[in-house]
Amino acid sequence: SSSSGLTHESHRKDVEQVYLRCSEGSIEWMYPTGALIVNLRPNISPASYKHLTVCIKPFKDSAGANIYLEKTGELKLLVRDGDRSPSRVYCFGYDQGGLFVEATPQQDISRKITGFQYELMSKGIAADLHTASAPCRPCSDTEVLLAVCTSDFVIRGSIQNVTNQAEEQESVIHVGVNKLYRQKSKVFQLTGETGNWRGQIKTLLECGVKPGDGDFLFTGRMHFGEARLGCAPRFKDFQRMYKEAKDKGLNPCEIGPD
């Protein structure tokens, strides 16, 4: 969805309402003046709204407006105009309020574009990124087996390389894929020259991921078009967990772990 403030130049304090029905997308507001109220109204029953988490990720060069969380007239600042936190993602419960985007006074508005991507997800999935509480903690056996059933991608692979992005406080894991069990988006692809499947998974820099020998089971979620690491046990550990659960009839879903 995109909008321009130049058509409203005569009413600098105009407040415009925007209704978005999709569960993910982006807003681009060119030459912002006045304010936008962004109403996320996904096509699900309103009874489910309380189970939703909203995440927004401002564009790298977004400028010209402050973004607030608004509930019954109370404003809480989420993103300050000009705050250059690359790749920063801001999440809140759907029932905590809506988004109020207010243009800041500008000498030259024609150069400004405010924009962000947004995603709506169920609170269970958002928490399941298990990044909120302890992102670098190893997953328990139960968490691993559940991750295999619920993740956006599940692959067996090895770490070819890790590149650290200090500015973004992230590490990019370059993965060589030995077996692809599932992927929601085409993050892992065949590379022409070698005919091998490869892809990249992002995680937090603080987790200190290093290149290592051996195979891992990589699981995780797609978040703003990027693969984010969830549980990643060594593959032999996963095989042990899976066999133990299967022998007891406790594995939550079937996957051929060979």
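Reader: Is Arg-228 buried or exposed?

Author: Arg-228 is buried, because its relative accessible area is 15%. Buried stands for under 20% relative accessible area, exposed for over 50%, and partly exposed for the range in between (1.4 Å probe, protein chains only). This is a predicted model, in which local features need pLDDT of at least 70 and side-chain atom pairs count only at pLDDT 80 or more, while totals for chains, interfaces and linings use all residues. Residues are numbered from 1 along each chain as its sequence is written, and side-chain values use heavy atoms, with hydrogens and water left out.

Reader: With which residue does Arg-228 form a salt bridge?

Author: Side chains of opposite charge can pair when their charged atoms come close. The term salt bridge is used for a side-chain nitrogen of Lys or Arg within 4 Å of a carboxyl oxygen of Asp or Glu. Here the partner of Arg-228 is Glu-170, and their closest N and O atoms are 2.6 Å apart. Glu-170 belongs to strand β12 (residues 170-183) and Arg-228 to strand β16, so that distant parts of the chain, 58 residues apart, are linked. Strands (E, at least two residues) and helices (H or I, at least four) are DSSP runs, numbered from the N terminus. Salt bridges with shared partners join Lys-57, Glu-170, Lys-202, Glu-226 and Arg-228 into one network. Glu-170 is also buried, since its relative accessible area is 6%.

Reader: How many salt bridges are there by this rule?

Author: The count is 13. One of them pairs Arg-240 with Asp-141, at 3.6 Å from N to O. Because Arg-240 lies in helix α3 and Asp-141 in helix α2, this pair ties together parts that are 99 residues apart in sequence. Arg-240 is partly exposed at 37% relative accessibility, and Asp-141 is partly exposed at 32%. In another salt bridge, Asp-152 meets Arg-221 with the closest N and O atoms 3.2 Å apart. Asp-152 is buried at 8%, and Arg-221 is buried at 8%.

Reader: How many disulfides does a search of the whole structure find?

Author: A disulfide is a covalent bond between the sulfur atoms of two cysteines. The criterion applied is a pair of cysteine sulfur atoms within 2.5 Å. The search finds four. When the bonded cysteines are numbered in sequence order, their pairing is 1-2, 3-6, 4-7, 5-8.

Reader: Which parts of the chain does the disulfide of Cys-55 and Cys-91 tie together?

Author: The sulfur atoms of Cys-55 and Cys-91 are 2.0 Å apart. Cys-55 lies in strand β5 (residues 52-58) and Cys-91 in strand β8 (residues 90-93), so parts 36 residues apart in sequence are tied together. The torsion about the S-S bond is about 105 degrees, so this disulfide is right-handed. Cys-55 is buried at 2% relative accessibility, whereas Cys-91 is partly exposed at 43%. By contrast, the link of Cys-139 and Cys-231 is left-handed, with -85 degrees about the S-S bond, and both of these cysteines are buried.

Reader: Which residues have the most contacts inside the largest nonpolar core?

Author: In soluble globular proteins, nonpolar side chains tend to be buried together. A nonpolar core is a set of buried Ala, Val, Leu, Ile, Met, Phe, Trp, Tyr and Cys residues joined through side-chain atoms within 4.5 Å. The largest one has 25 residues, and those with the most contacts inside it are Leu-40, Ile-56, Ile-67, Leu-78, Leu-99, Val-101 and Phe-116. Neighbours within four places in sequence aside, Leu-78 is in contact (heavy atoms within 4.5 Å) with residues including Ile-56, Tyr-90 and Leu-99.
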